[in-house]
Amino acid sequence: MSVSGKKVCFMTGASGKLGSEIALAIAGQGYSIFFTWQHSEKKAKETLEKIRWVSPESQMVRCDVSNIAEIEKAFAIFSEHFNRLDLLITSASNFFRTPLLDVTEPEWDSLVDTNLKGAFFTMQQASRIMLKQPFVSRIITMTDISANLVWRNYAPYTVSKSGIQHLTRIFAKEMAPKILVNSIAPGTISAYSGRDEEPEADLVGKIPLERLGDPMDIVMAIRFLMETEYITGQVINVDGGRMLF
Ligand SMILES: NC(=O)c1ccc[n+]([C@@H]2O[C@H](COP(=O)([O-])OP(=O)(O)OC[C@H]3O[C@@H](n4cnc5c(N)ncnc54)[C@H](OP(=O)(O)O)[C@@H]3O)[C@@H](O)[C@H]2O)c1
């Protein structure tokens, strides 16, 4: 099936807590969605079911983004369903605590291969399609304000997110003017942070806007980047001012 006319979004990690809400919001903007998941089949199916209420042609595929062959396969399946690509969102991400002196090679590889290598090869595949199209398309990477903070116990994760921010700038420069490439760096989003070291009150105390983020705060920033025509290579911190602290 190919769908002409309607805009199409390829998104990794739409079975995630925040990722699923982003995918639903993009579908609500009139896009067909093709998304990937890895382990969370139930959540992926629930998300696809909701997306199909507004975008019945949407599809999902299982894909380990740390494996280049799986990324290539996902794009091959994508191309069987859709004949255009307007928007790539790289949201697939691995996140767990890794005390600096205890980091193992498998932990490093799991975090960096999923987050950084996976984002790179997904962006590469998408760019090859996007560059051939007679219209401007967009890539939005999902990073984290921790890319520019020095958190204890999360070195591979924060390094991977820093790397994606730099990849965002590299792709923005090399793919201009055909592809606009920007990044969203969330702060702590409601109950989704997964970081177990700081109680909520301590976290809020470091946020000038005096609350944790809401998924809709991220969705609004993504919608802005989906529409804007003169911004590329930027990272938008959606963090209630946390980086000012
Ligand atoms: N939520 C927050 O507070 C917050 C804060 C800062 C940054 N962010 C960033 O925002 C984005 C969305 O966050 P989220 O809350 O949706 O994260 P999440 O709930 O942890 O979900 C992670 C997603 O990545 C997928 N994934 C993990 N490893 C994968 C792999 N090897 N191959 C393919 N997919 C893989 C998961 O798929 P399965 O579950 O199907 O395995 C899931 O869809 C992420 O990039 C995250 O780093 C979030």
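This briefing covers the sheet, the packing of helices and the ligand shell in a predicted model. Local features are given only where pLDDT is at least 70, side-chain atom pairs count only at pLDDT 80 or more, and totals for chains, interfaces and linings use all residues. Residues are numbered from 1 along each chain as its sequence is written. Helices (H or I, at least four residues) and strands (E, at least two) are DSSP runs, numbered from the N terminus.

- Seven strands form an open sheet in the order 3-2-1-4-5-6-7 with parallel pairing, where two strands pair if DSSP finds at least two bridges between them.
- The edge strands, each pairing on one side only, are strand 3 (59–62) and strand 7 (235–238), and the twist averages 15 degrees from one strand to the next.
- Strand 2 and strand 3 pair in the parallel sense over four bridges, and Thr 36 has Val 61 in strand 3 as its bridge partner.

**Helices on the sheet**

- Helix 1 lies across strand 1 (8–12), strand 2 and strand 4 (87–90), and runs at about 165 degrees to strand 2; axes are lines fitted to C-alpha atoms, for helices over the stretch in contact, and angles run from 0 to 180 degrees between N-to-C directions.
- Helix 7 lies across strand 4, strand 5 (137–142), strand 6 (179–186) and strand 7, running at about 165 degrees to strand 6.

**Helix 1 with helix 7**

- The axes of helix 1 (residues 17–28) and helix 7 (residues 215–227) come within 10 Å and cross at roughly 45 degrees.
- The contact is made by Leu 18, Glu 21, Ile 22 and Ala 25 of helix 1 with Pro 215, Ile 218, Val 219 and Ile 222 of helix 7, two residues being in contact if their C-beta atoms, placed from the backbone, lie within 7 Å.

**Helix 3 with helix 4**

- Helix 3 (residues 68–81) and helix 4 (residues 105–131) pack at an angle of about 30 degrees, with their axes 10 Å apart.
- On helix 3 the contact is made by Ile 68, Ile 71, Glu 72 and Phe 75, and on helix 4 by Phe 121, Thr 122 and Gln 125.

**Ligand shell**

- The ligand is surrounded by 30 residues, of which the closest are Gly 13, Gly 16, Leu 18, His 39 and Ser 93; a residue is near a molecule if its C-beta atom, placed from the backbone, lies within 6 Å of it.
- Helix 1 and strand 2 (32–37) each supply at least two residues of this shell, and the largest share, three residues, comes from helix 1.
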